[in-house]
Amino acid sequence: MNYYNQETHPDQKHFLNETSEAFLNEVHPSLAEVIRRALAISDIEFQVFHGKRTLTQQDEFFRKGATQGHQSPHMYGSAVDIMPFVEGRMCPESEVFDEVATCVKYAAADLNTPIRWGGAWHCTNIAAYDGMLDDLQNWYLEHCLEHNVRPQLDPHHFELSVDE
């Protein structure tokens, strides 16, 4: 069942599919609530394509280079990966992710839930950040370059923050 539905929220443009809802049902309820609320206020459709992972799944992702370590907040149900869609097609462009992340930021602020975004790892709570998220991401990239550290951009990743 959708968190929001067309009968109770007729202005909502997009809804999560059954697969996305199944992923959200396996993660921490606070994170699931933020993602559902973000979609309800978004003009851009997005779906959840990964939620909680098993140790076997995490090890396979690591082996294939799709993740940076053997540990992940996904293993504890504290992270999701989402994909935006424009006109029914996956849309991985950074500008679209910025818009989606902004909706997640507003939803997290509304629900008082600290969220860390994979587009700007240095910020432990995007809901508390006052500026534009593309500026936050640019600052992260500049900081990495200044310190000769390879940036790890993961703009589809959102996790509950434990630092707040």
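Contact here means heavy atoms within 4.5 Å. The model shown is predicted.

**View 1. One side of helix 1 is buried.** Helix 1 spans residues 18-25, and its buried residues are Ser20, Glu21 and Leu24. These residues cover an arc of only 100° around the axis, so they sit on the same side of helix 1. In an α-helix, residues three or four places apart point the same way, because each turn takes 3.6 residues. Glu18 and Asn25 are exposed on the other side of helix 1. What do the buried residues of helix 1 pack against? Their partners are helix 2 (29-41), strand 1 (45-50) and strand 2 (79-86).

**View 2. Helix 4 crosses helix 5.** Helix 4 covers residues 94-110, and helix 5 covers residues 133-146. Their axes come within 9 Å and cross at roughly 110°. Angles of 65 to 115 degrees count as roughly perpendicular, so helix 4 is roughly perpendicular to helix 5. Helix 4 makes the contact with Asp98, Ala101, Thr102 and Lys105. Helix 5 brings Leu133, Asp134 and Gln137. By type, the residues of this contact are two nonpolar, two polar and three charged.

**View 3. Trp117 pairs with Phe158.** A search of the whole structure finds one aromatic pair. The ring centres of Trp117 and Phe158 are 6.5 Å apart. Their planes lie at 15°, so the pair is stacked. Where in the chain do Trp117 and Phe158 lie? Trp117 is in strand 4 (residues 115-117), and Phe158 is in strand 5 (residues 157-160).

Conventions: Residues numbered from 1 in each chain as written. Predicted model: local features only at pLDDT ≥ 70, side-chain atom pairs only at ≥ 80, totals over all residues. Heavy atoms only, no water. Axes fitted to C-alpha atoms, helices over the stretch in contact; angles between N-to-C directions. Helix = DSSP H or I, 4+ residues; strand = E, 2+ residues; numbered from the N terminus. Parallel < 35°, antiparallel > 145°, perpendicular 65-115°, else oblique. Nonpolar A, V, L, I, M, F, W, Y, C, P; charged D, E, K, R; others polar. Phe/Tyr/Trp six-rings, centres within 6.5 Å; stacked < 30°, edge-to-face > 60°. Buried < 20%, exposed > 50% of the residue type's maximum accessible area, 1.4 Å probe, protein only. Arc of directions from axis to C-beta.
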